[in-house]
Amino acid sequence: PFGLKPFGLNPPWPKSFCLSNRPYSSEFRLSEVGFKVIAELPRTPALPPSAMAMAALAALLSVPLCVLLLGSLVLDFDCVLRGDCIRGKDGSAFLPPRRSFDQTIPEAAGTAAGSRAIVVFSNREMACSNKTWEDLRLYANRVNATLHHVRDLQGPEFQDVKRQCVRTLATSSIRFAKYAMMPFFLQRYDQVALLDDSVHMSKFAPDIFSVGADTPQAVKGTLDASVVKQSHCDTYRVPRDLCALNRRLVNSGLLVFSSQHHSDLFDEPCERWQRAGGFYDQALFNAMFMKRRTPIYDLNGDPEPHRCSVRKPVIGSGGTVDCAAFQAWVGSLSGCPLLFGSQLGILSKSGRLAEVAPRACFAHVTRGSSSERDELICEIGGQMLCSSQLVGSDVPAQPAVDLLASPRVPRPLPHVDKQHQAAGLGSIDWESVGSRCAAAAVGV
């Protein structure tokens with residue numbers, strides 16, 4: 001009956017054994033002609049496991065579980081501190097809701113001429129979030145753009161991203177999500193404005209898609225205070241002859257792309273998506289700008305020494321701030337359409353924000369604004385009146401050049417206190433500086 005004898009094989013097990021798959025165990029004996037039941041023996045009831053055995057089993061099972069939980073907590077600890085980690089679908093309950101603006105996502109069947117999108121990746125709640133999103137919605141309606149709030153990796157924006165790349169985003173740094181999702185939108189829209197959730201618009205801000213329309217091949221953005229380093233080029237394998245050392249980086253907080261001219265910027269393998277020279281996605285975007293020699297249209301339109309990028313006034317030895325230098329710095333920011341976080345923080349602390357904000361159109365309220373951040377997030381939109389030269393699509397086009405062709409950043413002056421110049425906003429009592437310099441300005 002086991003199919004052994006016809007093949008001339010002898011069973012390898014003993015000729016007497018037990019099968020225990022029913023209430024009574026039956027003993028069988030093999031013979032030359034088959035098997036027969038010799039006796040039905042009552043099954044002995046199984047004893048419950050002892051408490052000690054159960055405790056030992058629980059301890060063994062808890063070890064791998066604890067390792068997994070601990071690993072998920074310490075993985076990418078910097079994003080845990082930032083509060084913007086995503087750990088798969090189970091973490092979605094802790095994220096802010098995906099904003100719905102009653103706008104549908106078109107199919108990737110070719111971009112419609114003139115179609116526009118404003119895209120924001122945000123997986124966190126910030127101060128006055130509802131007001132910020134409402135301001136963005138109103139701006140998007142005014143410039144005839146579709147506003148998209150992307151909050152996690154589970155949406156359609158990442159459906160064509162390779163699985164290993166999504167894992168890289170989830171386990172390495174979510175900051176590269178901005179780069180990874182761009183092909184999805186460039187396949188559906190003619191122009192895409194990519195914004196950080198810390199960027200705020202004045203209700204008088206110009207149509208950002210029309211500004212610089214005479215240079216459609218250029219990416220629109222603003223130049224940063226930081227410069228290209230060798231580590232940026234090395235990490236992303238920028239050829240030596242294209243590495244724009246010591247030229248200003250493009251800030252990745254506000255960028256406007258064209259599907260016709262910029263789709264080839266988004267093919268960098270995700271194996272290289274990593275922090276480089278102190279930056280995450282900003283280093284990656286700039287590496288691609290260098291590789292493709294992409295022209296950059298600077299929204300601040302400021303030539304070197306590029307006053308709009310200077311985050312702080314000159315700080316002398318011992319952390320002293322000369323009032324003449326401070327007044328000059330405040331004055332230089334008065335013509336900047338976009339202000340950065342550390343600039344806003346100093347202006348707010350020193351009581352000089354009211355002099356500068358009315359001329360601004362956009363504010364990038366980064367962590368550099370320090371303790372002033374929440375207040376700025378809630379109020380800066382209403383303070384910006386956009387009375388600078390960037391007032392509409394009829395503004396003459398600024399020259400757009402690639403990073404390699406842009407001028408090198410001049411070195412700091414010898415008398416600058418580098419330690420205090422590089423320190424955070426709290427290293428100087430800016431309130432006292434503002435009061436002292438205001439009094440000096442009126443001759444008190």
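## Overview

Two residues or elements are in contact when heavy atoms of one lie within 4.5 Å of heavy atoms of the other. In this predicted model, helix H8 (residues 281-292) lies across strands S6, S8 (219-227), S9 and S10. The direction of helix H8 is at about 75° to that of S9.

The protein chain has 14 helices and twelve strands. Of its 444 residues, 46% are buried. Counting contacts between residues at least 6 apart in sequence, 76% join residues that are at least 24 apart.

## The six-stranded sheet

Six strands make up an open sheet with mixed pairing, in the order S5-S4-S6-S9-S8-S10. Its edges are strand S5 (146-150) and strand S10 (296-298); each has a single partner strand, so one side of each is left without a neighbour in the sheet. From one strand to the next, the twist averages 35°.

Strand S6 (residues 191-195) and strand S9 (residues 248-258) run antiparallel and are joined by five bridges. In this pairing, Gln191 has Ser258 of S9 as its bridge partner. Helix H3 (residues 129-142) packs on the sheet and touches strand S4 (116-121), S5 and S6. The direction of helix H3 makes about 150° with that of S5.

How many residues of S9 are buried? Eleven of the eleven residues in S9 are buried, and the strand is mostly covered. S9 also pairs with S8 in the antiparallel sense, over four bridges. Here Thr222 stands opposite Asn251 of S9. Helix H8, as described above, lies across both S8 and S9.

## The three-stranded sheet

A further open sheet has three strands in the order S7-S12-S11, again with mixed pairing. Strand S7 (199-201) and strand S11 (338-340) are at the edges, and each has a single partner strand, so one side of each is left without a neighbour in the sheet. Neighbouring strands of this sheet are turned against each other by 15° on average, with direction ignored.

S7 and strand S12 (residues 362-364) run antiparallel, with three bridges between them. One of the residues involved is Met201, whose bridge partner in S12 is Phe362. Helix H10 (residues 341-349) packs on this sheet, touching S11 and S12. The direction of helix H10 makes about 80° with that of S11.

## Helix packing: H9 and H14

Helix H9 (residues 323-333) and helix H14 (residues 430-441) have axes that come within 10 Å and cross at roughly 95°. Angles from 65 to 115 degrees count as roughly perpendicular, so H9 is roughly perpendicular to H14. On the H9 side, the contact is made by Cys323, Phe326 and Gln327. On the H14 side, Trp430, Val433, Gly434, Arg436, Cys437, Ala440 and Ala441 take part. By class, this contact of H9 with H14 comprises seven nonpolar, two polar and one charged residues.

## Two loop positions

Is Asp402 buried or exposed? Asp402 is in the loop between helix H12 (373-383) and helix H13 (418-422). The cut-off for buried is under 20% relative accessible area; Asp402 counts as buried because its relative accessibility is 13%. A polar atom of the Asp402 side chain lies 3.0 Å from the backbone nitrogen of Leu404. Leaving aside residues up to four places away in sequence, Asp402 touches Arg293, Thr294, Pro295 and Ile296.

Ala213 is in the loop between S7 and S8. With a relative accessibility of 49%, Ala213 counts as partly exposed. Ala213 and Tyr297 are 84 residues apart in sequence, and their C-alpha atoms are 10.0 Å apart in space.

Notes: Residues are numbered from 1 along each chain as its sequence is written. This is a predicted model: local features need pLDDT of at least 70, side-chain atom pairs count only at pLDDT 80 or more; totals for chains, interfaces and linings use all residues. Side-chain values use heavy atoms; hydrogens and water are left out. Axes are lines fitted to C-alpha atoms, for helices over the stretch in contact, and angles run from 0 to 180 degrees between N-to-C directions. Angles under 35 degrees count as roughly parallel, over 145 as roughly antiparallel, 65 to 115 as roughly perpendicular and the rest as oblique. Ala, Val, Leu, Ile, Met, Phe, Trp, Tyr, Cys and Pro count as nonpolar, Asp, Glu, Lys and Arg as charged, and the others, Gly among them, as polar. Two strands pair if DSSP finds at least two bridges between them. Buried means under 20% relative accessible area, exposed over 50%, partly exposed in between (1.4 Å probe, protein chains only). A polar contact is a pair of N or O atoms within 3.5 Å; within protein, one must be able to donate a hydrogen and the other to accept it, and residues adjacent in sequence count only if both atoms are side-chain atoms.
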